[in-house]
Protein chains: 2
Amino acid sequence: MRIAIDAMGGDHAPQATVEGALLAAAEWPETTIVLVGDNARIEPLLQGRKPANVEIVHASEVIEAEDEPVKAVRRKKDASMVVAGRMLKERAVDGMISAGNTGALMTTGLLVVGRMKGIERPALAPMLPSMTEGGVLALDLGANMDATPEQLVQYAIMGSIYRSKVHGIQQPKVGLLNVGTEAMKGNELTKAAYPLLEQAPVHFIGNVESRDVLNKPCDVLVCDGFAGNIMLKSLEGAASVIFSALKTEFTRTWYTKIAAAVVKKGLGNFRKKMDYNEHGAAPLLGVDGLMLKSHGSSSALAVKNAVRQARIAVQSDLIGGIRAEISNGSERS
Amino acid sequence: MRIAIDAMGGDHAPQATVEGALLAAAEWPETTIVLVGDNARIEPLLQGRKPANVEIVHASEVIEAEDEPVKAVRRKKDASMVVAGRMLKERAVDGMISAGNTGALMTTGLLVVGRMKGIERPALAPMLPSMTEGGVLALDLGANMDATPEQLVQYAIMGSIYRSKVHGIQQPKVGLLNVGTEAMKGNELTKAAYPLLEQAPVHFIGNVESRDVLNKPCDVLVCDGFAGNIMLKSLEGAASVIFSALKTEFTRTWYTKIAAAVVKKGLGNFRKKMDYNEHGAAPLLGVDGLMLKSHGSSSALAVKNAVRQARIAVQSDLIGGIRAEISNGSERS
């Protein structure tokens, strides 16, 4: 198996990507890690440690975090991300991982790797945090702002296959993000999507309210990119405001500081649980190849974990599974 | 001035509404409070204390929390909420307050009181909590799930006039709920609304992300009812999960319990700040009369505070102000 890593993508690249590649290469000797990026910057980081299952493919350009996605992907034809995308397209690798510019990665998915036949829109599918084990795979979280009811159904199918193949969940429960749990609640989009989801080849459990999302009401949550983003950023915003207020409260006097010390570890663990960046890389589902978006601030360990995720996805033939289900659907309709 | 209170609306009605009416009548002797509801249940609660500025208007029916709004308003013609709405429509009162079924109140606004001329859709406009003083008036939060760009502009105008007339804010800052701050971010709705808001007679400051809402980035936040509801319930959901995790952490051992006792008051105050139910009644803007939705769990004090809000709105001629601005707009276009 061959996994490409966009060595130049992410806040701590190429240091973290190279270190992560080495960790992965050591753990999985039968997997070849292809580091795509600036040779002159990657080589010194290896410090002579180049295992047989690590390759470097030189790419002279880098897409920066602040680059306008479509323009960057079109113009920087030799950017590490674009080169990795091209290798995926040409089947020179079985999957690719990038911690770089999210918009550019989605554009690379569309313009370089290409959509899977039958898929209208690819979707970005991160795991949301949850208080209990497991979490919720939410899609779409930002690849497309608007969605049609039919696209929501495709998201449900792709998300279900991902949860089942990669996370081993049999019959993943699919929820529709909505403003109430009754069937006829919502806007025109969700009202039209509801009956289609009932008939789709997924285990649809109905509407899910955003206030319940952290309690893991389902395994897969479908929504349009706009609503999903509003939800995710509201959850983050509330958590950030509350934790900073806690900090203020705890540092007010010497005895509140002692109180803080007593509960510090428990709260730290909890905060980590709330941080969706801790919950792995997000697949870009619906492109014709395995693409994983690792968080921008990914450490070497996060990069290694993304390789683990990619390995499971390849071994379980995630892409083949989605392709088969989607073409089945096209035949059905 | 005459303010009608739906005496039968809310979890603690008619006890809380009657007590609240008495508190308001005592504080503002020149304001007549009209209690609309079941005489046989209201009279005993007065226990002979019936000031000259409290009137009872009998209504034989009650709309319950679980009633289907449109059906209930259409069928229960003698419901307290509907009778109060009719009095408002006939100008027998200057405003009405209800802590009852939100959907039914919005329906009463549309079907009994009626839309203001020139307004496409009325909007429910609660205050969101914020960490600093003041808060954010958000609309629409649930009167209409879908909105057009033009409706968002009307929300912006109505919200601005409310903040200026009722809260005394000169040039209230108006933000558009969105997934990023750049002008071209968002879905089709927000992209179309942005340039219209730039030209509207409001102080438009651009897009606002949901993660920043609790930090009071603007005075008025406009959004469609679906996105607004997703945001509000996500904020609530995150707060509720975090506070219950805190509780678990704090009750784990005897020494964490002591730690909890030390910070209890500070956290309690903070939690109160986060609770949007503490932030007053929500106006239903765009109906042809002053309607305030008090929270379902309103206490007598909350009812009295809603009367205070209604008095300011009537004294500042909120409704006349909106009417004038909207008909100006119709002339402009």
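Biologist: Which residues of α10(A) are buried?

Modeller: This is a predicted model, where local features need pLDDT of at least 70, side-chain atom pairs count only at pLDDT 80 or more, and totals for chains, interfaces and linings use all residues. Side-chain values use heavy atoms, without hydrogens and water, residues are numbered from 1 along each chain as its sequence is written, and chains are lettered from A and ligands numbered from 1 in the order in which they are written. Buried means under 20% relative accessible area, with exposed over 50% and partly exposed in between (1.4 Å probe, protein chains only). For α10(A) that gives A300(A), V303(A), K304(A), A306(A), V307(A), Q309(A), A310(A), R311(A) and A313(A).

Biologist: How far does α10(A) reach from its first C-alpha to its last?

Modeller: Helices (H or I, at least four residues) and strands (E, at least two) are DSSP runs, numbered from the N terminus. Helix α10 of chain A covers residues 300–315, which is 16 residues. The expected span is 1.5 Å times one less than the number of residues. That expectation is 22 Å, and the helix comes close to it, at 23 Å.

Biologist: Which residue with a positive phi follows α10(A)?

Modeller: Its phi is near 55°, and the residue is D317(A).

Biologist: How many aromatic pairs are there over all chains?

Modeller: Rings of Phe, Tyr and Trp (its six-membered ring) pair if their centres lie within 6.5 Å; planes under 30 degrees apart count as stacked, over 60 as edge-to-face and the rest as tilted. By this rule, the count over all chains is 2.

Biologist: Why is the pair of Y194(A) and F204(A) edge-to-face?

Modeller: Y194(A) sits in helix α7 (residues 188–199) and F204(A) in strand β9 (residues 203–209) of chain A, so the pair links distant parts of the chain, 10 residues apart. Y194(A) is buried, at a relative accessible area of 14%, and F204(A) is buried at 14%. The ring centres are 5.1 Å apart, and the pair is edge-to-face because the planes stand at 75°.

Biologist: What angle do the planes of Y194(B) and F204(B) make?

Modeller: Y194(B) counts as buried at 13% relative accessibility, and F204(B) does at 15%. Their ring centres are 5.1 Å apart, and the pair is edge-to-face, with planes at 75°.

Biologist: At what angle do α6(A) and α7(A) pack?

Modeller: Axes are lines fitted to C-alpha atoms, for helices over the stretch in contact (heavy atoms within 4.5 Å), and angles run from 0 to 180 degrees between N-to-C directions. Among the residues of α6(A) that meet α7(A) are L152(A) and V153(A). The axes of α6(A) and α7(A) lie 8 Å apart, and the angle is about 50°.
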